[in-house]
Amino acid sequence: MQGVVKISDSRYPELLRRIDSPPQELYYKGTWDSDIFTNCLAVVGSRRMTTYGRQITNKLVSEVVPGGLTIVSGFMYGIDATAHKAALDFGGRTIAVMPCGIELIHPEHQKNLYRRILQNKGLIISEHKGNFAPVSWTYPRRNRIIAGLSQVTLIIEAAEKSGSLITARLAKKYKRRVFAVPGPLTSSVSKGTIQLIKEGAGIVSSANDLLTVYDIERDKPFKGIVPFIGLDGIEENIINKLQEEPLEIDMLARLFGLSVSKVGIAISLMQVKGILFEEAGKYYVREFYNL
Amino acid sequence: MLIKVSSASNLGLKTIGVDVEVNVADRGLPAFEIVGLPSKAVDESKQRVKTAIVNSNIEFPAKRIIVNLAPADVPKEGSFYDLPIAVGILSSVMDCRLPDESLFFGELSLDGTLRHTKGALLLALFAREKGIKNIFVPKASANEAAIIKGVNIYPIENLNQLLSFLLNQIEFKPAEYREAKSFKKTIQAEFDMDEIIGQEQAKRAMEIAASGGHNLLMTGSPGAGKTMLARALPGILPLLTEEESLEVTKIYSASGRIPPEGSLIRTRPFRAPHHMTSQVGLIGGGSRPKAGDVSLAHRGVLFLDEFSEFPRSVMEALRQPMEDGHLTISRSRERVNYPARFMLIASANPCPCGFLFHPKKTCICTQREIEKYRKRISGPILDRIDLHVEVPVVDLKDLSGEKIPSKKGLESSFRIRKRVIAARKIQKMRFRDDDIYTNAEMKNSHIKRYCLLSKETRQLLLQAGINFQLSARSYFKMIKVARTIADLENSQDIAITHMAEALQYRPRVRVLES
């Protein structure tokens, strides 16, 4: 389903109407349900996402989505796409604001995600109609819609002078709350977030920091979606070690003095159970495993 | 006077009989002509034969000599017609009878000695098949022919020696038959596995690959040790079996790659062509189709370093031999079939700059570049690789620190090879009624027969299939690899642990956008 909502329309989101130059028309795909705009959280960040960025995005989004927040982001690969996906994975709704015409899927290789957003009562919106191709100025213009729709803007990772910082500054201008995730000082995609913190952005250390802004009580900690299966001794040890630091399988074998074949068996089984995931050859314990 | 000398010509691995008819006419002007579609090398034979005869202190007849190579409509190539032509002329001039049921084959040097000539083994096989008793080949090539039982191989040093024999002036014993078992069994590799510190999982993958004959893809940053691992592989491979030895030696004999005095090949071939190698070089071809690296790696290892740098066309051309174990090269004039059952060991970088996921260095590639780079190795090729392993960069600090066991704690190639040999023995027994040797060659029908999975194991595989998004073909690959792991443990059944370990080597689809 698709259509257009004019600024004069009563269905037009109130928060967005209040910004300096709200779009006159919003083209959309999906089901326009005004309820979706009630509690919006913008989650944006770098295209060059690090493993840390992915972990934090997954963790925070998975924890705020059960509270009923809608995740708004820009459909770009990296943090944006991860935020959309995490929202969908945990049963939430999400809005993708496109920098291009509503008929275009950009970037094209994310068409699966595009479809999933629409299937799960989400919205794809844009101020451009038809096959309008994205150009350099449409990205920062698009960012004002992301910031405008949301009570809170959360920056996960951002490089210096990046588009995410533009979104953050616009949010500040619109008198919305801005939060940034502190990252390692050595990372180039932490420079922007640290800059924001210096300028007064809030620091996020847990999902509660965000949920309190919306006045939402989180009554009980969120439990993982993967059923828990019993562990044997090796698995227990591996989890404990991996929670200290992510490691390669070779290193685990060395540390425990076990053959790589034994450790491999344990790791495969834990991966199938959903306890571990692998990235860049290193193994990580899933965020929700210990919650 | 007309003399008929028998010889044979090799076309790929096939041999056809060729009659060399030499007519020395008393009438007409002195001349020396070869007919029967000779190539340049055959035509130049005239000069070699003439000079060699003169230099052997035999008078070259000033008569009209016509040589016909029959069948006359098949193009003739190669230098081995020297000997039959010379023998024909000598027999006519010296009036000596040629022995019955004999083939002559060899290239002449200008001084009358015989040079090493390619294809002697194929000639001996042809002789055995056709029931021809004697073959006369250059001494330097006799060893490779002497592995065939039931044919008298006469190693000839020079024309004078041969002539004395033909004139019954000397006794001449054929070369002694040599059994395959009598060849020495040395295994040589550039590196021993115990020289490689760290990389436990990659080494284990090598062991599994060597045991089951599986293809293997290693991904990792430059300097991680991919090449070193591959170069250590020959050290853990078992010797060729007798049947395999003969298959390999045939290909090498036909390509002229057996050195003078060389004989049966017992060690598995290891071919490492560079990524600039042309398609013809890798796959084989040419107007007279020659064996490429895939065939020269038959029953051995084809190591393709920097796999993603190989041109797409070359990579795709690997598909057919990887699937069928042989390939047919068709040209307008001929069609040649070469076996090509090799183990592919490929290595690739994770991205164009190589430092994606590197613990210290930063990758400078853009998302687009990485996506593009990944796509260079096509799905169908990845689908045909059973084992996928990541080779992480080993931190120098870790190498010197206590985290790494001392060299004594590392297993030597010799010990790993023992396990590999044991696993291959099990496979040989299993497939005694089939025409395959290793687990990697199993087709679906074999998998059904030899790889029964318990309910638990099947469940694990199915669950993993969902979690890891395995393709249907990957399913069968996992089963094959699990079969090999079970064989390494001498276990009849594929246990859940074997399947779990096999899953470690599943194809990694790195969904970067997720």
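The contact between the chains of this predicted model takes 22 residues from chain A and 22 residues from chain B, two residues being in contact if their C-beta atoms, placed from the backbone, lie within 7 Å. Local features need pLDDT of at least 70 and side-chain atom pairs count only at pLDDT 80 or more, while totals for chains, interfaces and linings use all residues. Residues are numbered from 1 along each chain as its sequence is written, and chains are lettered from A and ligands numbered from 1 in the order in which they are written.

**Side of chain B that touches chain A**
- At least two residues each come from α7 (200-212), α19 (455-467) and α21 (496-503) of chain B.
- By class, this side has six charged (Asp, Glu, Lys and Arg), seven nonpolar (Ala, Val, Leu, Ile, Met, Phe, Trp, Tyr, Cys and Pro) and nine polar residues (the others, Gly among them).

**Chain B overall**
- The C-alpha trace of chain B spans about 90 × 45 × 45 Å along its principal axes.
- Of the 514 residues in chain B, 46% are buried (20 or more other C-beta atoms within 10 Å of their own, C-beta atoms being placed from the backbone).
- Among contacts in chain B with a separation of 6 or more, 73% join residues 24 or more positions apart.

**Strands β15 and β16 of chain B**
- β15(B) (residues 326-330) and β16(B) (residues 335-339) pair (at least two DSSP bridges) in the antiparallel sense over five bridges.
- A hairpin of four residues joins β15(B) to β16(B).
- B:I329 stands opposite B:V336 in β16(B).
- The covered face of β15(B) holds B:L327 and B:I329, and the uncovered one B:H326, B:T328 and B:S330.
- In a regular strand the side chains alternate between the two faces of the sheet.

Note on methods: Buried ≥ 20, exposed ≤ 12 C-beta atoms within 10 Å, placed from the backbone.
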